[in-house]
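Student: I am new to this structure. Could you take me through it with questions and answers?

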Amino acid sequence: MSSDHAEQSNSLPPHDPDAYGQELARIGCHQSQAIEGRALVFRALAAAGIGHEQADAIVAQVEAGAVAGAHTWISESSAPHGSDARFEDGWHEGVRDAARLLLRIADNTTTTGRGLAASHALPLNLVQRQPAPDPQNTPQEAAPAPVPDPAAVLAAAERCPWALAPREARHWPDGSFLNTALSAVRPEEHAGYTERLEEFAQQHRARLEELLRAYGPGSTPASHGRYALIGQPETLVILERMETAPFLLRGTWDGEEEDVFLDDLEFAWGPRIRLSRR
């Protein structure tokens with residue numbers, strides 16, 4: 001390694017786990033606000049007489065445009081001034097990888113998410129034409145979908161033995177991390193979540209079997225005291241959230257020791273978006 005490269009590496013700020021956790025929490029906050037804002041936009045479009053399909057297309061175009069803006073910003077970035085050639089080559093290779101991923105996300109955004117307007121938009125034009133309600137006979141608002149029952153979620157996980165270690169080999173048979181994992185399930189996903197979890201397990205059955213074989217209790221990596229979450233029933237929820245809402249999952253995770261467990265699981269699973277520094 002050249003002296004210039006060494007100086008460049010030494011000048012990089014040290015990894016601060018607390019600061020990284022705060023970044024993920026802020027990302028999770030932005031995601032939650034985006035969900036609320038999108039619902040408001042759908043309702044406003046419905047009030048303006050915009051049909052569901054057109055509303056889906058409009059919102060998808062706006063969201064894809066936001067990703068495209070990030071693509072432009074990333075693509076135009078450059079290595080720190082004074083970096084040596086090898087550092088610049090690595091920098092630009094990373095920029096190209098990130099830009100390709102953002103382009104793929106932008107492309108997917110324009111073709112996914114259909115049906116969201118129908119589920120979020122309120123028929124405000126119909127509400128406005130209704131007579132004023134009788135204060136003494138006002139119907140109660142529909143209750144939100146109940147939070148997933150932890151016992152039902154664990155029972156659903158137990159129906160997927162290919163992902164679970166034997167009970168006597170598990171570290172926390174009572175599902176110690178389940179509430180943390182379920183806190184990353186968004187309100188609009190509460191209804192039918194246990195069925196969604198079972199579908200996820202069936203879809204990734206071969207991958208879960210290999211994960212348990214390679215990193216679960218009794219494996220060589222686990223013999224060193226790592227990968228403790230693998231084989232636990234609540235890990236199905238963690239993995240499903242890792243694929244569906246990785247930033248939100250990280251934002252709800254807390255504790256230095258727990259971060260190690262999550263980092264190990266992320267390394268072994270290899271999700272689409274990896275948030276650990278390994």
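Predicted model: local features only at pLDDT ≥ 70, side-chain atom pairs only at ≥ 80, totals over all residues.

Student: How many helices does the chain have?

Tutor: Helices are DSSP runs of H or I with at least four residues, strands are runs of E with at least two, and both are numbered from the N terminus. The chain has zero strands, and its helices number 13.

Student: What share of the contacts with a separation of 6 or more joins residues 24 or more positions apart?

Tutor: Contact means heavy atoms within 4.5 Å. Among contacts in the chain with a separation of 6 or more, the share from residues 24 or more positions apart is 77%.

Student: How are helix 3 and helix 4 oriented to each other?

Tutor: Axes are lines fitted to C-alpha atoms, for helices over the stretch in contact, and angles run from 0 to 180 degrees between N-to-C directions. The axes of helix 3 (residues 52–75) and helix 4 (residues 85–109) come within 8 Å and cross at roughly 170°. Angles under 35 degrees count as roughly parallel, over 145 as roughly antiparallel, 65 to 115 as roughly perpendicular and the rest as oblique. Helix 3 and helix 4 are therefore roughly antiparallel.

Student: How many residues of the contact of helix 3 with helix 4 are nonpolar?

Tutor: The contact includes Ala60, Ala64 and Val67 of helix 3 and Val95, Leu102 and Ile105 of helix 4. Ala, Val, Leu, Ile, Met, Phe, Trp, Tyr, Cys and Pro count as nonpolar, Asp, Glu, Lys and Arg as charged, and the others, Gly among them, as polar. In this contact of helix 3 with helix 4, three residues are polar, one is charged, and the nonpolar ones number 12.

Student: How many of the 10 residues of helix 11 are buried?

Tutor: The buried residues of helix 11 include Thr235, Ile238 and Met242. Helix 11 is largely enclosed by the rest of the structure, because its buried residues number nine.

Student: How far apart in space are Leu164 and Leu212, C-alpha to C-alpha?

Tutor: Leu164 lies in the loop between helix 7 (150–158) and helix 8 (178–182), and is buried, with a relative accessible area of 8%. Not counting residues up to four places away in sequence, Leu164 touches several residues, among them Leu212 and Pro233. Leu164 and Leu212 are 48 residues apart in sequence, and their C-alpha to C-alpha distance is 7.2 Å.

Student: Which residue has its backbone oxygen reached by the side chain of Ser219?

Tutor: Ser219 lies in the loop between helix 10 (205–215) and helix 11 (235–244), and is buried, with a relative accessible area of 9%. A polar atom of the Ser219 side chain lies 3.3 Å from the backbone nitrogen of Ala222. The backbone oxygen that the Ser219 side chain reaches, at 3.4 Å, belongs to Tyr215.

How values were computed: Residues numbered from 1 in each chain as written. Heavy atoms only, no water. Buried < 20%, exposed > 50% of the residue type's maximum accessible area, 1.4 Å probe, protein only. Polar contact = N/O pair within 3.5 Å; in protein donor to acceptor, adjacent residues only side chain to side chain.
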